[in-house]
Amino acid sequence: NVLLRGFISDSFDHKFIERMYEEKETGKPFFMFNVTMQNHGGYDYSYANFRQEIRIISRDDSYYPDVNRYLSLIYESDKAVGELVNYFSKIDEPTLILIFGDHQPSISTEFTEKLLGNRLSDLSLKEKQKLYVTPFMLWANYDIPEGYVDRMSSNYLSSLLLQTAELPLTDYGKYLCSVYKTLPVIDTAGYIAADGKYYSYDKASEYDELL
């Protein structure tokens, strides 16, 4: 179970996290930034060691094998995350796990356009922003406030993690918390203000100095 397709599987990767945690010095904190590779693109080829569990059923009989492979990989990731959470849920030491995606998958343009209901070349700024949305999850093996974050770009996640862990922020972390109140999303396509308005970098705005 080391490889899924030609990459280290999430399940095997997570076993390394558990082992590193068990090998740490007793009483010392453990921090790890872990980048998985199981789901890296592309998704054009089938593999003998990869059983596809998810298949899209389309009303117009369209078939997107790359999308099916990607969704099947996400399904495997979901099971691996469950294994990791189950492991740390049995650990007495307070533990936080922050999981996020750094970009959307490189899948069929035709499928993406069908989801968005528009050609990529004709997307509005607000529609383009949808191409950069990925989910994140912050889990703890102890009680933390539950909630849903509507908009937060990944540059703010480190501050969110430290705040949730009740650890001190650096000056830069405090700065990010301040900027987040005004501009909760800053990404490649542009930025979104707290009032929900969308902005691109090629046009001046009242936020230029802050950026």
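Patches are made of residues with over 30% relative accessible area and no salt bridge, where like charges are joined within 9 Å and nonpolar side chains (Val, Leu, Ile, Met, Phe, Trp, Tyr) within 5 Å. A salt bridge is a side-chain nitrogen of Lys or Arg within 4 Å of a carboxyl oxygen of Asp or Glu.

The model on display is predicted: local features need pLDDT of at least 70, side-chain atom pairs count only at pLDDT 80 or more, and totals for chains, interfaces and linings use all residues. Residues are numbered from 1 along each chain as its sequence is written, and side-chain values use heavy atoms, with hydrogens and water left out.

**The whole chain**

Begin with the C-alpha trace, which spans about 55 × 50 × 25 Å along its principal axes. Colour by secondary structure to see six helices and seven strands; helices (H or I, at least four residues) and strands (E, at least two) are DSSP runs, numbered from the N terminus. Their order from the N terminus is β-β-α-α-β-α-α-β-α-α-β-β-β. Of the 211 residues, 31% are buried, that is, under 20% relative accessible area, with exposed meaning over 50% and partly exposed in between (1.4 Å probe, protein chains only).

**The surface patch**

Select Val2, Leu3, Ile8 and Met37, a nonpolar surface patch with about 290 Å² of accessible area together. Such areas come from the Shrake-Rupley method with a 1.4 Å probe, and for residues only the protein chains shown count as cover. Leu3 belongs to strand β1 (residues 3-4) and counts as partly exposed because its relative accessibility is 44%.

The model holds six salt bridges. Select Lys15 and Glu83, whose closest N and O atoms are 3.6 Å apart. This pair links distant parts of the chain, with Lys15 in helix α1 (residues 10-23) and Glu83 in helix α2, 68 residues apart. Lys15 is partly exposed, at a relative accessible area of 40%, and Glu83 is likewise partly exposed, at 36%.

Next, select Lys24 and Glu93, a salt bridge with its closest N and O atoms 3.5 Å apart. Lys24 lies in the loop between α1 and α2 and Glu93 in the loop between α2 and β3 (96-100), so the pair ties together parts that are 69 residues apart in sequence. Lys24 is buried, with a relative accessible area of 18%, whereas Glu93 is partly exposed, with 30%.

Within helix α2, select Glu76 and Lys79: they lie three residues apart, about one turn of the helix, and form a salt bridge at 3.4 Å between the closest N and O atoms.

**The nonpolar cores**

A nonpolar core is a set of buried Ala, Val, Leu, Ile, Met, Phe, Trp, Tyr and Cys residues joined through side-chain atoms within 4.5 Å. The largest has 11 residues, including Met152, Leu160, Val179, Ala193 and Tyr207. Helices α5 (157-164) and α6 (171-182) are the elements that give two or more residues to this core. Apart from it lies another core, of nine residues, among them Tyr21, Tyr87, Phe88 and Ile97.

**The antiparallel sheet**

Finish at the open sheet of three strands, ordered β5-β6-β7 with antiparallel pairing. Its edge strands, β5 (185-186) and β7 (198-199), each pair on one side only. Two strands pair if DSSP finds at least two bridges between them; β5 and β6 (residues 191-192) are joined by two. Select Val185 to find its bridge partner in β6, Ile192.
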